[in-house]
Amino acid sequence: MSMDRTIKLKLDVSEEDKTSLKNTVVCFNKVFNIVAEYGFANHTHSKVSIHHATYKDIREQYPELPSALVQGARDVACEALKAVKKMRLPVSKPFSAIRYNKRVIRIIFEHGFASIASADGRVKVHFTLPEYYKQYVNWEIRSSTLRYDTADDVFYLHVTLRKDSPEPTGDTIVGVDRGIVNVAVCSNNVFFNSKEVKNTRAKYAHLRRELQSKGTKSAKRLLKKIRRKERRFVTDVNHCIAKEIVNMPYDVIALEDLTSIRVQNRKGKNFNRKLNNWSFYQLEQFIRYKAEAIGKRVISVDPRYSSQKCSKCGHTYKGNRDGSSYRCRNCGFQIHADLNAARNIAHAGITCLSRLSVNQPNVGMNAVQDTAQ
Ligand SMILES: [Zn+2]
């Protein structure tokens with residue numbers, strides 16, 4: 001099994017080279033659109049037939065674009081057509097991010113240097129590799145994406161890296177409940193609900209409201225800055241929580257499957273909105289990749305009844321829960337409602353594990369974006 005990580009590097013590019021790279025991005029996206037239009041009109045996403053039909057014209061129209069990038073644009077367009085099953089026309093904007101395969105880019109992490117093919121020959125760029133990313137220097141580079149931030153006039157390189165992951169062992173399990181009041185509660189009685197988190201979020205919400213009501217240009221700029229800071233705050237907290245959970249003495253971490261629609265019934269309409277607000281998805285991604293890196297497993301369990309069921313006797317009744325307190329009408333067990341849910345998630349995880357050991361375990365992971373702290 002292998003694991004993929006995507007890291008984001010801010011590039012230091014001279015003004016002259018910026019012009020070359022911008023030109024390259026624009027050309028690439030034009031080629032993408034030509035290919036997509038041809039494939040859409042002719043109901044095909046076949047790289048070979050699209051290549052034969054469009055390559056010559058494209059070369060004549062954009063002789064400055066290296067042929068490997070023309071092919072790259074074609075490949076991306078074919079994949080986009082395939083992804084939408086040719087039901088609609090995929091369209092690239094002039095400054096959509098563009099993909100570089102190994103032939104058209106060379107990255108040397110140790111020297112903070114990359115050489116990138118452009119419409120004006122090779123462009124040399126520099127970057128500072130954040131300390132946190134140094135763990136990746138020996139990983140295999142899979143693909144790179146060049147993105148131009150038009151607002152800030154900055155180029156970023158997103159690099160996807162791969163390494164073999166350690167084999168998972170053991171089957172002791174901890175259940176984690178994610179919620180609004182407590183960001184996370186673990187079945188081993190650990191709560192993550194710091195006052196600081198709540199206060200900071202309240203502060204940002206207040207600032208946002210004030211700036212939104214002003215509506216001036218400078219207020220808008222400040223609002224953007226605050227949103228960025230807030231996102232960064234959430235990311236940092238999620239990193240810390242994920243790290244603590246993954247370092248607990250358990251082999252397997254059980255989480256509720258939040259993609260399931262049933263979560264809506266369980267926690268109410270507002271939950272999903274707040275869920276997005278807090279980026280529970282991000283927290284899960286962080287838990288997954290940190291766990292994977294040290295050979296621990298993460299499993300998703302059915303969230304049904306995890307808040308209604310008694311974690312001691314199994315009696316399931318909606319009225320057992322009242323806000324943050326849980327009291328079982330059957331056995332009299334009393335416990336914090338989120339902790340009760342976390343224990344149910346751990347139990348569901350155990351059931352899930354025994355099923356997995358019968359059917360081959362599948363713990364494949366998608367590439368996740370790693371954000372330096
Ligand atoms: Zn009970």
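Q: Which residues does Ile58 touch, leaving out those up to four places away in sequence?
A: Ile58 touches Val31, Ile34, Val35 and Val70, where contact means heavy atoms within 4.5 Å. Before we go on, this is a predicted model, in which local features need pLDDT of at least 70, side-chain atom pairs count only at pLDDT 80 or more, and totals for chains, interfaces and linings use all residues. Residues are numbered from 1 along each chain as its sequence is written, and side-chain values use heavy atoms, with hydrogens and water left out.

Q: Where does Ile58 sit?
A: Ile58 belongs to helix α2. Helices (H or I, at least four residues) and strands (E, at least two) are DSSP runs, numbered from the N terminus.

Q: And is Ile58 buried or exposed?
A: Ile58 counts as buried because its relative accessibility is 2%. The cut-offs, with a 1.4 Å probe and protein chains only, are under 20% relative accessible area for buried, over 50% for exposed, and partly exposed in between.

Q: Which residue does Lys47 pair with?
A: Lys47 forms a salt bridge with Glu79, at 3.9 Å from N to O. This pair links distant parts of the chain, 32 residues apart: Lys47 is in helix α2 (residues 47-61) and Glu79 in helix α3 (residues 67-83). Lys47 is partly exposed at 35% relative accessibility, and Glu79 is partly exposed at 35% too.

Q: What about Glu140, which partners does it have?
A: One is Lys102, with the closest N and O atoms 3.9 Å apart. Glu140 lies in strand β6 (residues 140-149) and Lys102 in the loop between β2 (98-100) and β3 (105-108), so this pair ties together parts that are 38 residues apart in sequence. Glu140 also forms a salt bridge with Arg142, at 3.2 Å between the closest N and O atoms.

Q: Are those two partners exposed or partly exposed?
A: Lys102 is exposed, at 53% relative accessibility, while Arg142 is partly exposed, at 36%.

Q: Which residues form a network of salt bridges?
A: Glu15, Lys18, Lys22 and Asp153 are linked that way.

Conventions
A salt bridge is a side-chain nitrogen of Lys or Arg within 4 Å of a carboxyl oxygen of Asp or Glu.
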